[in-house]
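Read the sequence and the model below side by side.

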Amino acid sequence: QSYSNEYTGEVLIPEKVAYNGDTYSVTSIGEGAFYGCSSLMNINIPNSVTNIGEGAFFDCSGLTSIIIPNSITNIKSCTFYGCSSLANVNIPSSVTSIGESAFSSCSSLTNITIPNSVTSIGDGVFQDCKNLTNIILPNSVTSIGNYMFRNCSRLTNIDIPSTVKSIGWGAFSDCSSLTSITLPNSVTSIGGGAFAHCSSLTNINIPNSVTNVGKNAFSYCSNLTNITIPSSVTSIGEGAFSDCTSLTSITLPNSVTNIESYTFAYCSSLTNIILPNCVTNIGKEAFSYCTNLTSINIPNSVMNIGEGAFQYCSNITNITIPNSVTSIEDYIFYGCSSLTNITIPNSVISIGGWVFHDTNWWNNQPDGLIYMDCYLLGYKGDKPTGEITIKDGTKIIGGEAFWDCSNITSITIPNSV
């Protein structure tokens with residue numbers, strides 16, 4: 001039963017209670033027992049208690065200290081969630097597991113030591129502990145759970161023990177004071193958004209043991225300047241480095257064959273990137289808005305370039321599309337305002353819409369139908385009207401070539417198409 005706001009100040013839980021002439025040992029604190037007791041300041045739990053229920057002290061915003069007895073082996077989910085005045089807590093060596101969100105939103109908690117007895121730590125355990133500056137993780141821990149330290153905005157560094165194999169989704173996301181982190185060689189996977197919005201992170205070492213970098217893993221790390229991805233990595237998720245606005249260079253290993261959508265989007269300081277010869281796919285908007293990228297070599301291994309892959313890369317001056325590419329998607333080079341030299345190979349059998357619009361090459365073409373070799377790309381200037389004849393030798397008509405041309409009455413298409 002919950003007694004919200006009934007308990008104030010200091011509460012002493014007795015080891016034994018008498019009822020109807022019988023004496024009973026107090027062994028358990030029920031789920032949500034002190035839920036919302038915002039005036040409860042401290043509580044003394046006797047050694048007779050072996051179980052504390054989920055959310056037992058949930059949102060006890062006035063609780064400043066608590067002693068967890070050695071009789072407790074499991075700190076359950078949400079036990080101290082929202083205890084915003086709790087500045088210090090000692091976890092005894094009897095504890096083997098800490099449940100999901102157990103200390104989440106304990107915004108006054110500054111440091112905590114987890115004993116070696118703990119082998120399991122649930123998701124979001126220290127999420128939103130905004131004053132946490134120091135934490136010691138034991139060698140008994142094998143994984144960093146999802147959102148475990150999310151929004152611990154004063155955490156500057158953390159030592160991850162060599163037993164940890166995986167970093168969960170959003171584990172350190174929004175840790176805006178985290179400047180550096182060393183991942184041990186035991187780590188094989190970095191989860192999605194694991195370090196997203198770590199705006200003070202300048203450097204990170206990805207060990208050779210890592211095979212997977214998750215979706216948005218380092219997105220919005222605005223002070224990350226460079227990163228080397230080891231040859232052990234075979235998969236980099238969507239948007240993994242998007243909006244890393246200080247990233248100037250990156251080296252991709254030969255083990256990476258697919259550059260997912262938005263991987264480097266909005267990396268506005270990126271000047272150079274080398275794509276390995278094994279890359280077969282460049283995803284949607286993979287390099288969009290990389291405004292300082294001056295050139296990129298697309299290897300012959302690339303078979304597909306996704307929609308808007310290089311759109312608004314305003315400093316790219318020339319591009320060569322390899323013979324391995326058969327299809328050019330919509331908007332690939334849209335807004336590349338410095339692009340003057342473009343080579344489309346004969347292997348291309350389809351071209352999307354608005355591919356070269358607002359490039360230097362496009363803007364220097366005369367008004368009318370715009371051709372590039374045997375490709376009809378669209379029109380420039382006033383919308384074509386009446387009867388239209390496509391010139392002989394044209395093989396491909398681009399997508400959206402006659403978009404919104406409601407006054408065309410007929411089109412003559414040559415046999416070459």
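Is D404 buried, partly exposed or exposed? This is a predicted model, and in it D404 has a relative accessibility of 40%, so D404 counts as partly exposed. The cut-offs behind that reasoning are under 20% for buried and over 50% for exposed, with partly exposed in between. The side chain of D404 meets that of K383 in a salt bridge, with 2.6 Å from N to O. D404 sits in the loop between β34 (396-397) and β35 (408-412), and K383 sits in the loop between β32 (375-380) and β33 (386-389), so the bridge ties together parts that are 21 residues apart in sequence. K383 is partly exposed because its relative accessible area is 42%.

Side chains of opposite charge can pair when their charged atoms come close. How many salt bridges does the structure hold? There are two. Besides the pair of D404 and K383, the side chains of D174 and R150 meet in a salt bridge, at 3.8 Å from N to O. This pair links distant parts of the chain, 24 residues apart: D174 is in the loop between β15 (166-167) and β16 (180-182), while R150 is in the loop between β14 (143-144) and β15. D174 has a relative accessible area of 24% and is therefore partly exposed. R150, with a relative accessible area of 29%, is partly exposed as well.

Y24 belongs to strand β3, residues 22-25. Y24 counts as partly exposed because its relative accessibility is 42%.

C37 is in the loop between β4 (28-29) and β5. Its relative accessible area is 0%, and C37 is therefore buried. The C-alpha atoms of C37 and F58 are 8.3 Å apart, while 21 residues separate the two along the chain. S48 is in the loop between β5 (40-44) and β6. Why is S48 classed as buried? Its relative accessible area is 17%, and the cut-off for buried is under 20%.

The backbone has its own points to check. Most residues other than glycine have a negative phi, and most peptide bonds are trans. E285 has a positive phi, near 50 degrees, and is a residue other than glycine. E285 is located in the loop between β25 (281-282) and β26 (304-305). With a relative accessible area of 16%, E285 is buried. Y331 is not a glycine either, and its phi is positive at about 65 degrees. Y331 is placed in the loop between β28 (327-328) and β29 (341-343). At 29% relative accessibility, Y331 counts as partly exposed.

Two further loop residues give a sense of distances across the model. N277 lies in the loop between β24 (272-274) and β25. Its relative accessibility is 60%, so N277 counts as exposed. Leaving out residues up to four places away in sequence, N277 touches N254, P299 and S301. N277 and K130 are 147 residues apart along the chain, and their C-alpha atoms are separated by 45 Å. S222 is in the loop between β19 (212-213) and β20 (226-228). S222 is partly exposed because its relative accessible area is 26%. Which residues is S222 in contact with, leaving aside neighbours within four places in sequence? The contacts of S222 are S199, D243, T245 and S246. The C-alpha atom of S222 is 47 Å from that of V11, and the two residues are 211 residues apart along the chain.

Notes:
Residues numbered from 1 in each chain as written. Predicted model: local features only at pLDDT ≥ 70, side-chain atom pairs only at ≥ 80, totals over all residues. Heavy atoms only, no water. Helix = DSSP H or I, 4+ residues; strand = E, 2+ residues; numbered from the N terminus. Buried < 20%, exposed > 50% of the residue type's maximum accessible area, 1.4 Å probe, protein only. Salt bridge = Lys/Arg side-chain N within 4 Å of Asp/Glu carboxyl O. Contact = heavy atoms within 4.5 Å.
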